[in-house]
Amino acid sequence: MSQIILRPANINDIEILRHWDKQPHVVESGVEDWDWENQIGISHDWRESLIAELDGRPIGFMEIIDPFRDEENYWGEVEPNLRAVDIWIGEKEDLNKGYGTIMMKLALEKCFAPAEVTAVIIDPLASNKDAHRFYERLGFKFVEERSFDEDHCFVFVLTREDWEKGTPSS
């Protein structure tokens with residue numbers, strides 16, 4: 001049986017991350033070239049960069065941050081005790097196989113492990129209807145439309161209470 005795990009990203013992952021950055025479905029989702037050299041391998045207690053592996057093969061990237069403590073202040077003013085997640089699957093042939101759902105469930109377990117975390121927030125592009133449906137299937141609820149730099153996004157939230165109730169059937 002195949003298994004997906006999340007492991008810390010390291011400098012050996014930079015080449016594949018750069019490759020994934022150029023994939024049309026990744027670019028289309030609003031992911032821009034990240035400054036991998038200054039993010040991967042540099043420890044911050046407010047950010048966790050993760051590689052998803054399927055049976056040892058890298059298939060995606062996830063980042064979990066504490067948006068209240070984020071030194072880059074991407075989310076602006078937010079309440080404490082939140083987490084924010086970014087996720088993408090690297091290769092197009094790995095899409096629509098349920099890997100993203102497993103990755104998000106693993107990430108949500110990490111996010112809600114500290115008892116003080118009250119909710120997880122995400123910000124897919126407003127135009128990314130597939131992402132909206134994906135997050136809603138996981139129990140996230142739409143909060144607001146918001147612009148982050150030049151990206152027009154929808155903000156969704158999954159509260160601890162909703163997460164503990166379980167994923168709604170779809």
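Contact here means heavy atoms within 4.5 Å. The structure is a predicted model, in which local features need pLDDT of at least 70 and side-chain atom pairs count only at pLDDT 80 or more, while totals for chains, interfaces and linings use all residues. Residues are numbered from 1 along each chain as its sequence is written, and side-chain values use heavy atoms, with hydrogens and water left out.

**Exercise 1. Describe the setting of leucine 82: its element, whether it is buried or exposed, and which residues it touches.**

Step 1: Leucine 82 belongs to strand β4, residues 82-89, where strands (E, at least two residues) and helices (H or I, at least four) are DSSP runs numbered from the N terminus.

Step 2: Leucine 82 counts as buried because its relative accessibility is 7%; buried means under 20% relative accessible area, exposed over 50%, and partly exposed in between, with a 1.4 Å probe and protein chains only.

Step 3: Leaving aside residues up to four places away in sequence, leucine 82 is in contact with Ile65, Asp66, Pro67, Thr118, Ala119 and Ile121.

**Exercise 2. Work out the order of the strands in the sheet and find which strands stand at its edges.**

Step 1: The open sheet has seven strands in the order β1-β2-β3-β4-β5-β7-β6, with mixed pairing; two strands pair if DSSP finds at least two bridges between them.

Step 2: β1 (4-8) and β6 (141-148) each have a single partner strand, so one side of each is left without a neighbour in the sheet.

Step 3: Strands β5 (residues 119-122) and β7 (residues 151-159) pair in the antiparallel sense over four bridges, and within this pair alanine 119 stands opposite threonine 159 in β7.

Step 4: Helix α1 (residues 14-21) packs on the sheet by touching β2, β3 and β4, and its direction makes about 85° with that of β3; the axes are lines fitted to C-alpha atoms, for helices over the stretch in contact, and angles run from 0 to 180 degrees between N-to-C directions.

**Exercise 3. Compare the positions of asparagine 73 and aspartate 149 by phi, loop and accessibility.**

Step 1: Asparagine 73, although not a glycine, has a positive phi of about 55°, and aspartate 149, also not a glycine, has a positive phi of about 55°.

Step 2: Asparagine 73 lies in the loop between β3 and β4, whereas aspartate 149 is placed in the loop between β6 and β7.

Step 3: Asparagine 73 counts as partly exposed because its relative accessibility is 48%, while aspartate 149, at 77%, counts as exposed.
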